[in-house]
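Subject: Structure for your review

Dear colleague,

My findings on charged side chains and one hairpin follow it.

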Amino acid sequence: MNPITKKFKSLVAATLLLVFTLLSNFASAAEYILDPDWPKPLPDGITWGQVPNVTIDQDGFIYAFHRADPPVLKFSPDGELVETFGAEWVSTPHGFRATPEGTMWATDYNRQTGHTITKFDTTGRILLRLGARGFAGVGPNTFDGPADVAQAENGNFFVADGHWNNRIVKFDKTGRYLMEWGQRGSAQGEFDLPHTIVIDRRGRVLVGDRSNHRIQIFDQDGGYITEWDQFGWPSGMFIDDNDILYVADYQSLRGVTYGSAEDGTVMGFIEGSEPEGVVVDAAGNVYTGEVTGGEGGAGSIMRKFIKQ
């Protein structure tokens, strides 16, 4: 082959490879686009506080659990505020998660007037409450900084009693104490701030062990299965209908890492937010709640990222 022709073909191949790489990177970066017009401005008299968590109900309404009155803000899919509630039963909002039956759990981790978990319907009507306001403890019906709650299909629920107790507490659907596991540490089954908790379609309990920078996975009796460290410092987690796990990290990776909920394979990363909470709608759009600011803005806001 003519040396010039060979050199030309090599140059063309290298150029095509570069173009393909750039296009691939662009496609990956553009998989989610920030919607600057969501949510709509809040009405007079309501201002954003820190937003540690967000969730979604079975009708597609998006909820922000924020540290200002009223603490629960319910938004329509197009970003309009349609309802507020919760001021009478929470001091410092923290965990916030929908259940398989369509109700919701919220946690209050205020050291002076909190330490409770509350189950309610989508109008704010209280259905069940555990813990004693302002009383911290390690007993079967007391908490010390509860961070999150996840409910299984059979109604049993698991409390990440995380900020100061470092344990997972299991209850039946009526609120009867069943068991618990965990203590402070870094070994298997130990925790250093279990901050977020979800149950996957296999029935496994995934615990975001934030200050140990890992997700630990257990069966529903507390048996250790495995752990993942590829999702950063997990502050919030959500698993969508496609079995994709989304992990919010505002301290280390500063964004949302998503991947397989089955084996932990990382599939991508969403930047543009420094999130503590995350939820995903049926169309794959991602919503984040921010407590602190940073490069992405001043914080104390909810953001929507549209899936392309």
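A salt bridge here is a side-chain nitrogen of Lys or Arg within 4 Å of a carboxyl oxygen of Asp or Glu. Please note that the model is predicted.

Aspartate 249, in strand S19 (residues 244-249), is buried yet has no salt bridge. The nearest side chain of opposite charge belongs to arginine 254, 7.4 Å away. A polar atom of the aspartate 249 side chain does, however, lie 2.9 Å from the backbone nitrogen of leucine 253. Apart from neighbours within four places in sequence, the contacts of aspartate 249 are Phe231, Gly232, Trp233, Arg254, Gly255 and Pro275.

Aspartate 281 is located in the loop between strand S22 (277-280) and strand S23 (286-290). Residues up to four places away in sequence being set aside, aspartate 281 touches Ile56 and Tyr287.

Turning to the charged pairs that do meet, the count comes to 18 salt bridges. In one of them, lysine 307 pairs with glutamate 31, with the closest N and O atoms 3.0 Å apart. This pair links distant parts of the chain, 276 residues apart: lysine 307 is in strand S24 (residues 301-307), and glutamate 31 is in the loop between helix H1 (3-29) and strand S1 (32-34). Lysine 307 counts as partly exposed because its relative accessibility is 34%; glutamate 31, at 23%, also counts as partly exposed.

Another salt bridge joins arginine 167 to glutamate 180, the closest N and O atoms being 2.9 Å apart. Arginine 167 belongs to strand S12 (residues 167-171) and glutamate 180 to strand S13 (residues 177-181). Arginine 167 counts as buried at 3% relative accessibility, whereas glutamate 180 is partly exposed at 31%.

Glutamate 290 and arginine 303 form a salt bridge at 2.6 Å, N to O. The former is in strand S23 and the latter in strand S24, and both residues are buried.

Finally, the hairpin. Strands S4 (residues 72-75) and S5 (residues 81-85) run antiparallel and are joined by 4 bridges. Lysine 74 has glutamate 83 as its bridge partner in S5. The hairpin has 5 residues between the strands, and glycine 79 takes a positive phi near 95°.

Yours sincerely

Conventions: Residues are numbered from 1 along each chain as its sequence is written. This is a predicted model: local features need pLDDT of at least 70, side-chain atom pairs count only at pLDDT 80 or more; totals for chains, interfaces and linings use all residues. Side-chain values use heavy atoms; hydrogens and water are left out. Helices (H or I, at least four residues) and strands (E, at least two) are DSSP runs, numbered from the N terminus. Buried means under 20% relative accessible area, exposed over 50%, partly exposed in between (1.4 Å probe, protein chains only). Lys and Arg count as positive and Asp and Glu as negative; His and the chain ends are not counted. A polar contact is a pair of N or O atoms within 3.5 Å; within protein, one must be able to donate a hydrogen and the other to accept it, and residues adjacent in sequence count only if both atoms are side-chain atoms. Contact means heavy atoms within 4.5 Å. Two strands pair if DSSP finds at least two bridges between them.
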